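I opened this notebook to record what I looked up in the structure shown below. The entries follow the order in which I made them.

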Amino acid sequence: MSQRPAILVLKNLTKSFGKFNAVDGVDLDIADGEFFTIVGPSGSGKTTMIRMLAGMEPATSGDIILRGERINDVPANRRPTCMVFQSLALFPHRTVGENIEFPLKIRGVPPAARKEKALALLRQLRLPESYYGKSVLKCSGGERQRVALARALAFDPEILFFDEPLSAIDYKLRKTLEKELKDIHRETGKTFIYITHSLEEAMVMSDRIGVMRAGKLVQVGTPNEIYSAPRDKFVSEFMGDVNVIPVSLAGGKLISASFDRSFTPPGLPDGFASGHLVIRPEYMRFLDSPDDAENSLSGRLYNEYALGSRIQYQIRAGDHVFIVEKLRQQAPALDLDQSVLIGWDAKDSVLVRD
Amino acid sequence: MEGMSRSGRHALIWAWTIAVLVFLYIPGLCIFLASLTASRYFQFPIQRWGLDWWRKTFDSIEVHQLFKTSISIALAVMVIAVVIAFFGALAFARYNWKGRSIYQKLVLLPIFFPQSVLGLALLLWFNAIGLELSWKTAVFAHLVWIIPVVTLVISIQVYSFDPALEEAAFDLGATRWQVLREVTLPVLLPGIVSGSLFAFLLSWGNFPLSLFTTGADTTIPEYLYAKMVAGYTPGVPVLGTVSTLGAALLLLGGYWLIAMRRRQKNSREGS
């Protein structure tokens with residue numbers, strides 16, 4: 001990824017509403033052809049960010065540089081970028097074909113060429129050509145997604161922005177569309193910049209992910225880096241269920257006050273004083289004896305949940321509730337309130353600062 | 001409820017519905033019947049039936065002039081009111097701006113003024129600035145009362161308008177003008193059509209504002225009133241009937257237009 005030239009460079013990009021910085025000094029390079037996803041909870045500034053990049057919201061300060069050219073003052077209709085909106089914003093008074101052809105019509109492309117392009121896009125997006133004359137109001141949720149994407153592709157943008165277009169779609173269809181979108185990205189080779197509040201969704205599709213919090217990008221990395229080496233507690237918890245133990249360094253040892261004991265760390269970062277020890281639930285193991293893992297704790301089974309291919313166990317140890325996940329085939333049969341020994345090896349844990 | 005059978009309740013609902021309909025439409029029917037008399041006077045039951053007064057009314061040059069005046073006012077009001085109210089409705093319901101909530105209240109206030117007071121106030125004002133009263137001043141007077149109504153009617157459509165549609169069109173390369181022509185206007189068209197109908201019909205039937213502001217010109221409602229006060233002929237119910245039928249026809253026309261549009265859309269889907 002890093003060998004490819006940057007298509008979009010953000011320098012100290014800031015958007016203020018009064019004294020509040022919705023986007024706060026973001027620096028970022030996005031490579032040509034990359035699928036980059038910005039994830040963050042609602043209110044983290046991700047929507048404001050993408051609206052600035054698309055030209056729908058003026059930046060307060062900083063630079064947006066597209067292929068070496070500062071485009072802060074270029075309005076949205078003159079930028080070679082295009083957005084798929086959360087509401088999709090399909091024109092309700094027009095047919096599927098007319099929606100897809102809209103950017104071509106604006107550009108003055110003759111009707112025959114427009115239609116040819118629209119039909120090609122319908123094929124590319126696995127929609128029947130007969131949909132050309134169909135009212136968009138009569139399309140299903142998934143079909144509307146594809147029409148919106150086809151319309152954006154008809155514009156032939158250098159960068160495609162996506163503002164949580166899948167958030168209103170049911171789980172099963174969403175999973176299908178996520179994969180389709182990744183396929184389309186591969187086929188077109190265009191740069192995709194996607195925003196979502198779901199890190200899981202980001203993981204499926206992205207080359208790189210930027211995690212946003214309170215207007216700042218707190219971590220940028222590949223899905224694997226974000227998953228296995230979260231920079232802080234916020235990022236680690238954003239991925240869903242995770243075990244977090246507050247720890248501090250005392251006398252060269254990693255001490256947990258709540259358990260009144262020390263844990264073996266995965267290696268101490270320079271200057272570490274206090275933070276959290278993070279262990280993913282699938283790295284937690286049930287032990288026969290405390291010697292089977294570098295760190296162990298005893299607790300009782302509080303409850304268990306079947307999560308499709310996996311079983312999740314909630315284990316109470318002291319004031320903490322630990323989460324352990326096992327593949328269904330490898331899941332032990334446990335009774336409620338049964339005493340269990342759980343543990344993990346230091347290499348499977350991550351030490352993050354506050 | 002216990003004591004009444006299902007069919008009994010059903011019959012009661014029907015009876016009530018019909019009673020309401022009779023109550024609403026009998027007066028209109030009476031006007032029509034009153035126009036069918038051959039006699040000179042207003043008399044029920046009608047002694048001798050005839051269409052004489054219909055012929056006489058349609059032959060009258062005075063009546064032609066009345067229609068011309070009323071239609072001129074209503075058409076001018078419709079066009080001006082819709083243009084102003086369209087942009088007014090965008091400010092009312094589409095954009096968030098600092099004075100919006102005060103604007104929303106101020107713009108609707110004229111609807112609640114007693115129209116005769118509003119008419120008098122406008123008359124005084126026209127006199128003060130030295131405007132000669134004619135059908136043109138009546139247009140202005142009607143606008144004061146009708147623009148708020150049309151703004152409200154179009155606003156209802158604007159409220160259900162997704163602003164992202166405009167952003168999407170702009171983002172896809174359209175100029176502001178193209179966005180308006182290709183997206184905003186067509187999507188809001190049903191609201192604009194019903195706003196136009198409201199504007200025309202409210203002006204067409206308006207009496208109190210016209211009374212004060214038409215000067216030497218006379219509209220149909222003014223004429224009807226004047227004739228009722230002095231010089232009644234069965235030409236009055238004739239004109240009343242025609243005026244009502246005209247309004248009904250316009251409404252049906254509007255309905256037909258919307259139905260045609262819908263059918264056109266459906267047939268396009270079939271292709």
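**Entry 1: chain A against chain B.** I began with the polar contacts in this predicted model, and I noted seven residue pairs in polar contact between chain A and chain B, both residues at pLDDT 80 or more. Which elements give two or more residues to the side of chain A that touches chain B? I listed α1 (46-54), β6 (81-84) and α2 (96-106) of chain A. Of these, α2(A) provides the largest share, five residues. By residue class, I recorded 15 nonpolar, seven polar and seven charged on that side of chain A.

I then looked up the salt bridges and found a count of three between chain A and chain B. One that I inspected joins Arg51(A) to Glu167(B), with the closest N and O atoms 2.6 Å apart.

For the extent of the contact, I noted 29 residues from chain A and 21 residues from chain B. The two chains bury about 2200 Å² between them, and carbon and sulfur atoms give 59% of this area. I also asked which three residues supply more than any others of the area that chain A buries against chain B. They are Asn77(A), His93(A) and Ile106(A), which supply 28%.

**Entry 2: the two domains of chain A.** I next turned to the division of chain A into domain 1 (6-233) and domain 2 (241-353). Seven residues from domain 1 and seven residues from domain 2 take part in their contact. The domain centres, taken over C-alpha atoms, are separated by 38 Å.

The area buried between the two domains is about 610 Å², 58% of it on carbon and sulfur atoms. On the side of domain 1, I found that Tyr227(A), Pro230(A) and Lys233(A) supply 76% of the area buried against domain 2, more than any other three residues.

How many salt bridges lie between the domains? I recorded zero. I did find two residue pairs in polar contact across this interface, both at pLDDT 80 or more. Helix α7 (residues 223-228) of chain A gives three residues, the largest share of the side of domain 1 that touches domain 2. I classed the residues of that side as three nonpolar, one polar and three charged.

**Entry 3: a sheet in chain A.** Lastly, I traced an open sheet of five strands in the order β15-β19-β16-β17-β18, with antiparallel pairing. Its edge strands are β15 (285-286) and β18 (320-327), each of which pairs on one side only. Within the sheet, I counted six bridges between the antiparallel strands β16 (residues 295-307) and β19 (residues 339-344) of chain A. I also noted Gly299(A) opposite Val340(A) in β19(A).

Notes
Residues are numbered from 1 along each chain as its sequence is written. Chains are lettered from A and ligands numbered from 1 in the order in which they are written. This is a predicted model: local features need pLDDT of at least 70, side-chain atom pairs count only at pLDDT 80 or more; totals for chains, interfaces and linings use all residues. Side-chain values use heavy atoms; hydrogens and water are left out. Domain bounds come from an automatic or database domain assignment. Contact means heavy atoms within 4.5 Å. Buried area is the accessible area (1.4 Å probe) that two parts lose on being put together, summed over both. A salt bridge is a side-chain nitrogen of Lys or Arg within 4 Å of a carboxyl oxygen of Asp or Glu. A polar contact is a pair of N or O atoms within 3.5 Å; within protein, one must be able to donate a hydrogen and the other to accept it, and residues adjacent in sequence count only if both atoms are side-chain atoms. Helices (H or I, at least four residues) and strands (E, at least two) are DSSP runs, numbered from the N terminus. Ala, Val, Leu, Ile, Met, Phe, Trp, Tyr, Cys and Pro count as nonpolar, Asp, Glu, Lys and Arg as charged, and the others, Gly among them, as polar. Two strands pair if DSSP finds at least two bridges between them.
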